[in-house]
Amino acid sequence: MLSLLINTTAIWGGFLLLYFLLLRKHTFFHTNRLVLLAGLLLGLYIPQLDLSFVVAQPTAAPLIDLYFEPLTAQLQLIEVYASEETGNWSFSWSLILWSVYFLGVAIAAARFLWGLWQLRQLYRSAACSKMQGYSLVESSNPHLPFSFFSMLFMSKALAFSAKEKEQVIAHELAHIRGWHSLDVLLLEMLKIIFWFHPLVYLYQQAVRTTHEYIADQAVLRTNQRRQYGQFLIRQLQSRPHIAFANHLFQSQLKQRIIMMTKTKSSRSTLWQYALILPLMAFSLMAFSSKKISVNDLSNLATAETGEVDEMPRFPGCEDMALEARKDCSVKKLMEFIIQNLEYPKEAAEQGISGKVMLKFTVQADGSIDNIKVAKGLEGGCTEAAIAVIEKMPNWIPGRKDGKAVATEMTLPFNFKPKKKVAKEEIFKVVEEMPRFPGCEELNSDETEAQKCAQRKLLEFIYQNIKYPEEAQKNGDEGVVVVQFVVNKEGVLENAKLVRNPSESLGREVLRMVFLMNQMEERWIPGKQRGRTVNVQFNLPVKFKLDKNTKTKPITEKYLDLESFTASPNPTDGELNINFKGEAAPTIVTITDITGKVIEQRKLDNFDGYFNETFDLSNQNAGIYAISVIQGGQRYVEMIAVQ
């Protein structure tokens with residue numbers, strides 16, 4: 001919230017500075033009005049504008065598929081109760097500040113409503129006449145002439161000559177035809193929200209003055225300057241007026257008379273308005289909302305102490321080829337940050353969001369030190385980010401000329417509070433439990449529909465679950481129980497593990513649950529008393545290695561290919577695959593997430609170079625695996641079809 005306000009203030013200030021220093025002295029009044037309004041609106045819009053496009057890279061596929069056995073064909077319900085978060089009210093400055101802010105909003109809104117009520121009362125007590133292009137509202141109450149949208153309010157208590165009345169009408173018609181009341185209402189709304197902000201009041205003064213310049217210019221087309229100026233001076237007096245109406249007589253009368261006598265600006269000065277373009281470009285680059293694309297480690301961290309041949313890497317991927325290690329290292333780093341980064345309570349209470357940029361040095365031995373704050377954030381966010389860096393294990397150091405060297409890195413942390421939503425009741429047992437899709441024709445028989453849905457669910461699990469290679473190496477077995485909520489739309493939410501014998505096994509089950517939301521058909525939501533409700537669901541999955549698997553070594557090894565590319569990724573049609581490898585019999589296969597072969601090339605006389613284009617335009621959107629096999633070794637890459 002604070003960062004948005006600062007960015008908005010900077011943009012508003014930039015446009016006002018340009019206006020007051022260069023543009024307000026010119027007689028291009030309509031253009032000045034547009035500049036002021038553009039500055040107001042861009043100041044509100046640009047800080048919330050996201051100019052980046054984040055493309056998440058798909059997770060690498062397992063290299064081998066092993067034996068899977070479900071726990072049972074009968075799904076069981078395990079009761080796990082989550083405790084509600086409770087807290088006591090405590091004194092905080094944020095509460096006081098928000099209270100003062102909303103008090104100011106209430107006062108500003110009351111002032112605005114009072115003005116509307118005055119206008120309504122004046123209209124009801126006056127005589128209204130329909131004229132050409134406007135409505136003339138004449139009342140007996142003494143007040144200054146003013147306009148509000150298509151209504152021109154005049155008081156019978158003010159004695160104007162025929163010529164003076166003509167000038168008044170010409171002036172107010174310029175306001176009416178220019179829709180100046182829209183500008184005034186916009187500023188009144190902003191004064192309610194930003195009642196504390198001085199720049200809003202400066203904008204209001206500048207816009208209203210520009211309105212008067214435009215209206216005066218319209219009058220002077222048919223009247224003499226001296227005569228009109230004398231009329232304005234004679235009528236300068238304090239009389240009742242409506243706060244947000246366009247008035248003929250204003251306190252900035254001296255400025256108006258000076259501008260009326262000013263020589264018309266030369267067109268050669270129009271170049272100064274082109275300065276708006278670099279101002280807008282700078283505002284977009286400096287103050288728009290940005291996200292970070294996680295495609296490789298160089299987007300997350302950069303070396304700043306000279307060029308290195310190989311960037312430092314987060315540990316955990318040392319047994320992979322160089323290119324694969326880069327992607328794996330980023331994923332490991334992001335997993336570590338997600339697991340260890342905590343949103344500070346103070347920042348959450350105050351709604352603080354923004355980015356923290358930290359610099360640190362990965363020494364030649366992989367240790368981390370010299371942590372510096374390149375960009376901080378209040379509310380404990382900077383301290384929370386530093387705590388994550390301090391918890392990190394030793395990295396794989398960067399290298400130059402084959403030697404490990406110290407490298408300075410920059411790492412961004414983005415803090416963004418979750419939107420608070422009203423909690424809906426989640427049922428654990430309902431009259432009609434949620435069902436896996438595919439058996440809707442049996443809706444009339446609830447028992448048969450449930451049995452059919454269980455079979456369909458097991459078929460989906462058989463087709464999509466993989467026994468993780470890491471679990472197979474470690475001999476991990478056991479029952480994983482995943483808990484999720486089937487919401488009213490049939491979407492699976494809040495998936496979490498309530499029983500997990502192994503990290504890799506639990507991760508695989510969560511991946512499988514995520515795939516259910518990628519299906520064309522949603523789950524059939526549960527019902528209670530005839531209405532659709534959110535239902536908690538527990539799914540047990542048993543992983544078991546057979547005797548042969550436990551003792552059989554893994555014979556399939558990782559195939560190291562040169563310059564492998566699959567582009568574009570994601571693709572909406574054509575996919576070009578290019579790589580270099582050994583001149584040996586080769587099989588290139590593209591499969592979907594169920595393992596179904598989509599495309600395959602068998603190259604018995606492979607010459608070491610592969611460059612072919614595949615047409616995937618007829619395939620469903622989703623994740624696909626590219627597999628290259630040579631002599632018992634395999635290379636796997638994941639791509640996404642949009």
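Two rings of Phe, Tyr or Trp count as an aromatic pair if their centres lie within 6.5 Å. Keep that in mind for this tour of a predicted model: a search of the whole structure turns up 29 such pairs.

**Stop one: F160 and F231.** Select these two and look at their rings. They form an edge-to-face pair, with 5.8 Å from centre to centre and 75° between the planes. Now colour the chain around them: F160 sits in the loop between β4 (151-155) and α4 (162-177), while F231 belongs to helix α7 (residues 225-234). The pair links distant parts of the chain, 71 residues apart. Both F160 and F231 are buried.

**Stop two: F436 and F460.** Here the ring centres are 5.5 Å apart and the planes stand at 50°, so this pair is tilted. F436 is in the loop between β11 (426-427) and α14 (446-464), and F460 is in helix α14 itself, so the pair ties together parts 24 residues apart in sequence. Buried or exposed, these two? F436 is buried, and F460 is too.

**Stop three: a cluster of rings.** Select W12, W98, Y101, F102, F194, W195, F196 and Y203 together; ring pairs link them into a cluster.

**Last stop: two helices.** Show helix α6 (residues 198-219) and helix α8 (residues 253-260), whose axes come within 10 Å and cross at roughly 45°. The two helices are therefore oblique to each other, and α6 passes α8 in a right-handed crossing.

Notes
Residues numbered from 1 in each chain as written. Predicted model: local features only at pLDDT ≥ 70, side-chain atom pairs only at ≥ 80, totals over all residues. Heavy atoms only, no water. Axes fitted to C-alpha atoms, helices over the stretch in contact; angles between N-to-C directions. Helix = DSSP H or I, 4+ residues; strand = E, 2+ residues; numbered from the N terminus. Parallel < 35°, antiparallel > 145°, perpendicular 65-115°, else oblique. Left-handed = near helix turned anticlockwise from the far one by under 90°. Phe/Tyr/Trp six-rings, centres within 6.5 Å; stacked < 30°, edge-to-face > 60°. Buried < 20%, exposed > 50% of the residue type's maximum accessible area, 1.4 Å probe, protein only.
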